[in-house]
Amino acid sequence: MNQMENDSVILEHLGDENEKYMGAVVPPVYLTSLHVFDTAEEYLNFDASKEGAYIYGRVSNPTVEIAERKIAALERGERALLFSSGMAATSSAIMAACKAGSHIICMNNAYGPVKTFITQVCMKKFQMTVSYVKGLDISEYEQAIRPETALIIMESPSTFAFSVTPIRQVTALAKKHGIKTYIDNTYCTPIFQKPLEMGVDLVMHTLSKYMGGHSDIIGGVLVSKDAGLMDYIQSNMRELYGGIMGPMEAWLVLRGLRTLSVRVKAHQDTAMAVAEFLEKQDKVSCVRYTGLKSHPQHDLIAAQQTGHTGLMTFDLDGEKSNALKLVNKLRYFKIGCSWGGFESLAIPVMYKASREELDFLGLSGSTIRIHCGLEDQEVLLEDLDQALRSL
């Protein structure tokens with residue numbers, strides 16, 4: 001294996017260039033808004049698309065670039081761009097791929113704010129249209145394609161229903177019709193899934209989740225094999241919208257990346273034990289976790305993912321108020337809407353959803369989403385056990 005195709009080498013060493021920083025094992029934070037030039041000619045000939053080219057903090061930054069190089073290599077992409085949030089990355093990707101009047105195909109279980117952006121901005125201001133698909137079968141995508149379809153939005157696995165979509169089939173279909181493809185790969189991380197190698201055009205990660213890993217930053221990243229597309233997004237989306245990540249946050253991303261592989265495997269081990277425990281409970285009617293052999297798409301998951309992380313949902317029997325009771329009884333699963341950090345979390349994720357929304361997403365009012373953090377497995381299992389017994 002080429003060293004630059006080894007995830008551990010990428011995470012621990014790529015881009016660090018210790019000799020540049022007086023032998024420091026950790027690159028410094030470049031807290032600067034401005035870079036100066038030796039000559040006027042150098043200034044006038046500045047090219048922002050070149051690696052190591054810096055002029056102004058809204059355009060590029062050395063600390064940000066180190067993190068971008070690591071993530072691009074980890075995803076086997078040509079370029080990565082860091083953004084101030086996952087939504088800044090996603091909205092930039094949509095606007096780069098689409099124009100006024102474009103049609104978007106989107107998985108119905110995609111991240112809620114992405115669907116809101118499509119509805120409130122793309123449709124209202126730019127007369128775009130959208131078709132939602134469950135994404136379980138390639139025929140859904142085929143039937144949804146129109147002459148003006150410009151983008152297919154995927155999230156696999158989806159982080160409520162934990163359904164997966166046939167990525168290779170979707171990208172082959174999209175290429176046949178000249179359609180760009182986008183996927184949210186936050187759940188799997190590049191450790192467990194590499195969508196660019198399956199033909200996806202743009203991969204997005206929310207960096208507040210596993211890549212950051214410590215619940216102390218907000219950020220997003222786009223990665224692609226298409227350097228020209230990334231140049232366009234940098235100059236026409238990120239630079240003009242002003243959505244670049246700050247250098248301190250980028251440095252924290254670098255810190256998170258160094259332990260990414262170790263952490264996601266620990267999250268997986270605990271989540272697997274928790275999912276198997278929940279499947280055996282009489283008061284639990286359904287567990288959604290891609291690591292379970294009982295998952296209805298087990299074969300497809302095995303063909304696309306090499307592992308699983310710490311997030312899952314499950315449904316309780318009885319009244320939906322049981323979801324509130326159980327979450328309130330938990331001691332070590334804190335109540336919070338995010339995930340991917342060191343801490344375990346739980347929320348009654350669909351408690352206030354309408355019947356129409358529940359049917360649309362294939363969930364129930366008693367659905368609980370939990371994230372299994374880095375606490376000891378037995379602590380979390382005992383916590384869930386005492387909460388279930390209290391119902």
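Trp339 is located in the loop that links helix H13 (321-329) and E10; helices (H or I, at least four residues) and strands (E, at least two) are DSSP runs, numbered from the N terminus. The model is predicted, with local features requiring pLDDT of at least 70 and side-chain atom pairs counting only at pLDDT 80 or more, while totals for chains, interfaces and linings use all residues. Residues are numbered from 1 along each chain as its sequence is written, and side-chain values use heavy atoms, without hydrogens and water.

Trp339 counts as buried because its relative accessibility is 8% (buried: under 20% relative accessible area, with a 1.4 Å probe and protein chains only). Beyond its neighbours within four places in sequence, its contacts (heavy atoms within 4.5 Å) include Thr159, Tyr210, Leu311, Leu345 and His371. The C-alpha atoms of Trp339 and His371 are 5.9 Å apart, although 32 residues separate the two along the chain.

Four strands form an open sheet in the order E8-E9-E11-E10, paired antiparallel; two strands pair if DSSP finds at least two bridges between them. Strands E8 and E10 each have a single partner strand, so one side of each lacks a neighbour in the sheet.

| Strand | Residues |
|---|---|
| E8 | 284-288 |
| E10 | 345-347 |
| E9 | 311-316 |
| E11 | 367-371 |

Neighbouring strands are turned by 20° against each other on average, direction ignored; axes are lines fitted to C-alpha atoms, for helices over the stretch in contact, and angles run from 0 to 180 degrees between N-to-C directions. E9 and E11 are joined by five bridges, and Met312 has Ile370 in E11 as its bridge partner. Helix H11 (residues 260-279) packs on the sheet, where it touches E8, E9 and E11, and its direction makes about 10° with that of E9.

Key. Buried means under 20% relative accessible area, exposed over 50%, partly exposed in between (1.4 Å probe, protein chains only).
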